[in-house]
Amino acid sequence: MAGRTVRVRGLPADLPPDRVADKLTIHFLRSRNGGGEIADVQVLPGPRACALITFEALEVAQRILEGKDHVLTVGGQKYPLEVTAHVVELSPDEVALGGQRRSPGA
């Protein structure tokens, strides 16, 4: 998954998460938006809601990050999206182990 996941902010707050996921999937599947095949979409609700989109290919994620401004249109309303690389935050134990979790008693 490393490098294939992007974080998207600027989501429509008035839509349910499943509908937001559908709209994002359609937007980022389109080649004219730099998109391609998607492995997973997770919408993380909250005051600063965001979505994590994992692409099948690293090249697609790179194109999305390098691409033009992304604007999601829903019901005639435009939502400018902020797309950044998703960086997994590791605990100090995971950093010491090179990103691998140690099982208890190991």
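By class, how many nonpolar, polar and charged residues does the lining of the largest pocket have?

Modeller: The lining of the largest pocket has eleven nonpolar residues, two polar ones and one charged one. Here Ala, Val, Leu, Ile, Met, Phe, Trp, Tyr, Cys and Pro count as nonpolar, Asp, Glu, Lys and Arg as charged, and the others, including Gly, as polar. This is a predicted model, in which local features need pLDDT of at least 70 and side-chain atom pairs pLDDT 80 or more, while totals for chains, interfaces and linings use all residues. Residues are numbered from 1 along each chain as its sequence is written, and side-chain values use heavy atoms, without hydrogens and water.

The largest pocket holds about 170 Å³ of space. Of its 14 lining residues, Leu-11, Pro-12, Ala-13, Gly-46 and Ala-49 are the closest to the centre. A pocket is an open set of points on a 1 Å grid where a 1.4 Å probe fits, with protein on both sides within 12 Å along at least five of seven lines; lining residues have an atom within 4 Å of a point.

Elsewhere in the model, helix 1 covers residues 17-29. With 13 residues, helix 1 reaches 18 Å from its first C-alpha to its last, close to the 18 Å expected at 1.5 Å a residue (1.5 Å times one less than the number of residues). Helices are DSSP runs of at least four residues and strands of at least two. In helix 1, Val-20, Ala-21, Leu-24, His-27 and Phe-28 are buried, that is, under 20% relative accessible area, where exposed means over 50% (1.4 Å probe, protein chains only). Seen down the axis of helix 1, the buried residues fall within an arc of 130 degrees, so they line one face of the helix.

One of these residues, His-27, makes a side-chain polar contact of 3.1 Å with His-70, a polar contact being a donor and acceptor pair of N or O atoms within 3.5 Å. His-70 lies in strand 4 (residues 70-74) and is buried, at 4% relative accessible area. The His-70 side chain also reaches the backbone oxygen of Ile-64 at 3.4 Å.

Thr-54 belongs to strand 3 (residues 50-55). Thr-54 is buried, with a relative accessible area of 4%, and its side chain is joined to that of Thr-5 by a polar contact of 2.8 Å. The C-alpha of Thr-5 is separated by 9.8 Å from that of Val-88, 83 residues apart along the chain. Val-88 sits in the loop between strand 5 (77-85) and helix 3 (92-96), and counts as exposed at 56% relative accessibility.

Terms used
Grid points are joined across faces, edges and corners, and a volume is the space filled by probe spheres set on the points. The arc is that of the directions from the helix axis to the C-beta atoms.
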